[in-house]
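Keep the view open while reading, and look up each residue as it is named.

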Amino acid sequence: MKLFLDTASVSEIRRMWDVGILDGVTTNPSLVAKEGRLFEEVLREICALGVPSVSAEVVATETPGMLSEGRRLRALDPAIYVKVPMTPAGLKATKVLASEGTRVNMTLVFSATQALLAAKVGAAYVSPFIGRLDDQSQVGMDLIREIVPIYRNYGFKTEVLVASVRHPIHVLEAAKAGADIATMPFSVMEKLVQHPLTDLGLARFLKDWEKVPKG
Ligand code: E4P
């Protein structure tokens, strides 16, 4: 399963990229707003690191606007995936953009039937938001467990990108469900690495090593 960072912070991305465990980045308008920087400048810096998949969202709500924004974003760098919302206008835009060779990430997906439509119009990624479903007392991961077999049934190439991830158990469950990608905040990716027994074990080994006679 590929691991993506869900952030527009170039410093966070650089840190995980340096560790070598990062496969991609997703951004959204809220994450970009938090940085207080020019959107395209941020995207160029992320792409310059060599990150192979960088999702950038359109903000137009009608198809013509989505198409012009999507084409502009796509032209910035070959690593750009254009994020388009799951609406009738978004489905229409996705079909056109996909036919032009642009890879589309269909976002704000909350049902398996929406995911089916995303695949039918040729989206490269579908982004079900599991944390936001959990917030509504609906088990978000159940949606992933529905989408994965549906895509397998029909051999859809669309990759399932688990979004709105809030903690490491979401990542674990996404992997068990056979999702292709999980995108998560920096704090969650950090927690995937850490374990107190690793730290304790390392400290003990280093202390014992002091007792080993040195030639
Ligand atoms: C990713 O593509 C989404 O924009 C993101 O995961 C949403 O997460 P949130 O529900 O924590 O805002």
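Which pocket is the space taken by the ligand? In this predicted model, the ligand takes up the space of the largest pocket. That pocket has a volume of about 340 Å³. Its lining is made of 25 residues, and those closest to the centre are Asp6, Asn28, Leu31, Arg132 and Pro185.

Two helices give two or more residues each to this lining: helix H2, covering 29–35, and helix H10, covering 186–193. Of the elements, H2 gives the most, with 4 residues.

Which residues surround the ligand? They are Asp6, Thr26, Asn28, Lys83, Phe129, Arg132, Ala163, Ser164, Arg166 and Thr183. This shell divides into 4 charged, 4 polar and 2 nonpolar residues.

Asp6, Asn28 and Arg132 can be picked out in both places: they are among the residues closest to the centre of the pocket, and they are also among those that surround the ligand.

Some of the shell residues can be followed down to single atoms. In Asp6, a polar side-chain atom lies 2.7 Å from an oxygen atom of the ligand. For Arg132, an N or O atom of the side chain is 2.6 Å from a ligand oxygen atom. Arg166 also has a side-chain N or O atom placed by an oxygen atom of the ligand, here at 3.1 Å. How much of the ligand's accessible area does the protein cover? On its own the ligand has 340 Å² of accessible area, and the protein covers 85% of it.

Key
Residues numbered from 1 in each chain as written. Predicted model: local features only at pLDDT ≥ 70, side-chain atom pairs only at ≥ 80, totals over all residues. Heavy atoms only, no water. Near = heavy atom within 4 Å. Polar contact = N/O pair within 3.5 Å; in protein donor to acceptor, adjacent residues only side chain to side chain. Areas by Shrake-Rupley, 256 points an atom, 1.4 Å probe, with all protein chains shown as cover. 1 Å grid on protein atoms, 1.4 Å probe; cavity = no way out; pocket = protein on both sides within 12 Å on 5 of 7 lines; lining within 4 Å. Sits in = over half its atoms within 2 Å of the grid points. Nonpolar A, V, L, I, M, F, W, Y, C, P; charged D, E, K, R; others polar. Points joined across faces, edges and corners; volume = space filled by probe spheres on them.
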